[in-house]
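Work through the exercises below with the sequence and the structure at hand. Try each task before reading its solution.

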Amino acid sequence: MSAWGMHLGPLARRQVLVSIWVVILSGVLWIVIGWNLDAEDYTDPLRAWRHRVLGLHGISAYVLLWITGRLYSLHQHGNWRAQRNRASGMALSGALLLLAGSGLALYYPPHEDWRDALSIFHQVSGVVLVLLVLLHVWLAKKYRRRHNS
Ligand code: HEM
Ligand code: HEM
């Protein structure tokens, strides 16, 4: 199969993982900067940095969703039909869908009062995504080792 097939080639795998980690790290950095920000002080330079980090988060999230779409027909669909790494792949896809939905709702909240709850939901799903990525990659390596030996 091609570099973007059921087995990801080294370059494709790197692109997927780099884009996922940029999205995760920029989200986590936004949270960490928030802990050190003085809510009353509008001259705090950290405020501008937090805004830039959120910009990076939004852009990298678009790239990640494009890459996820690219994985769909061969990697997701192909491995699903071949019954390989199904549970963690499904959970990872579900988490990405929830993040994309809640991220969109943060841009356009159905009601301003819901924004805080949506933000917490999005952040918790982000932490779950970290665990699911680690699990998916670990299971993929285990699977490959078993089939290569
Ligand atoms: C139903 C959905 C999915 C299934 C059934 C699935 C299945 C698999 C399988 C079987 C492997 C091992 C392939 C090999 O032998 O080389 C794998 C690896 C991988 N998958 Fe998925 N996957 C799914 C969704 C996703 C999604 C949504 C992403 C990320 C956006 C993803 C990212 C990766 C990556 C980066 C690897 C390579 C890990 C490594 O070799 O280090 N997968 N997946
Ligand atoms: C597919 C994955 C993801 C997508 C599509 C996505 C999308 C978005 C979008 C569109 C926003 C709104 C940006 C704005 O208000 O200007 C946002 C905010 C945010 N995201 Fe994500 N995101 C994803 C994953 C993550 C992950 C993994 C984390 C890690 C914790 C995370 C943490 C955050 C945080 C902290 C915010 C700011 C929340 C707020 O404004 O109250 N996101 N995300």
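## Exercise 1: The shell around ligand 1

Task: How do the residues of the shell around ligand 1 divide into nonpolar, polar and charged?

Solution. The shell around ligand 1 consists of 11 nonpolar, 9 polar and 5 charged residues. The model is a predicted one. Next, find the residues that come nearest: of the 25 around ligand 1, these are Asn 79, Arg 84, Asn 85, Gly 89 and Ala 140. Then look at where the shell comes from. At least two of its residues are supplied by each of H1, H2, H3 (86-107) and H4 (115-148). In terms of domains, at least three residues come from domain 1 (1-71) and at least three from domain 2 (85-149).

## Exercise 2: The shell around ligand 2

Task: Which residues come nearest to ligand 2, and which classes make up its shell?

Solution. Begin with the nearest residues: Gly 27, Ala 61, Gly 103, Ser 119 and Gly 126, out of 24 around ligand 2. Sorting the shell by class gives 16 nonpolar and 8 polar residues, with no charged ones. For the helices, H1, H2, H3 and H4 each contribute at least two residues to the shell around ligand 2. For the domains, at least three residues of this shell are drawn from each of domain 1 (1-71) and domain 2 (85-149).

## Exercise 3: The chain as a whole

Task: How many helices and strands does the protein chain have, and in what order do its elements run?

Solution. Counting gives 4 helices and 0 strands. Read from the N terminus, the order is α-α-α-α. For the dimensions, take the principal axes: the C-alpha atoms fill a box of roughly 60 × 30 × 20 Å. Of the 149 residues in the protein chain, 13% are buried. Finally, take the contacts with a separation of 6 or more; 63% of them join residues 24 or more positions apart.

## Exercise 4: Helix H1

Task: What span is expected for H1, and which of its residues are buried?

Solution. H1 has 26 residues, for which 38 Å is expected at 1.5 Å a residue. From its first C-alpha to its last, H1 reaches 37 Å, close to that value. The buried residues in H1 are Val 16, Ile 20, Val 23 and Gly 27. To read their spacing, recall that an α-helix has 3.6 residues a turn, so residues three or four places apart point the same way. The cover over the buried residues of H1 includes H2 and H4.

## Exercise 5: Val 127

Task: Why does Val 127 count as partly exposed?

Solution. Locate Val 127 in helix H4. Val 127 has 13 C-beta neighbours inside 10 Å. A residue needs 20 or more to be buried and 12 or fewer to be exposed, so Val 127, with 13, counts as partly exposed.

Methods: Residues numbered from 1 in each chain as written. Chains lettered and ligands numbered in written order. Predicted model: local features only at pLDDT ≥ 70, side-chain atom pairs only at ≥ 80, totals over all residues. Near = placed C-beta within 6 Å. Nonpolar A, V, L, I, M, F, W, Y, C, P; charged D, E, K, R; others polar. Domains from an automatic or database assignment. Contact = placed C-beta atoms within 7 Å. Expected span 1.5 Å × (residues − 1).
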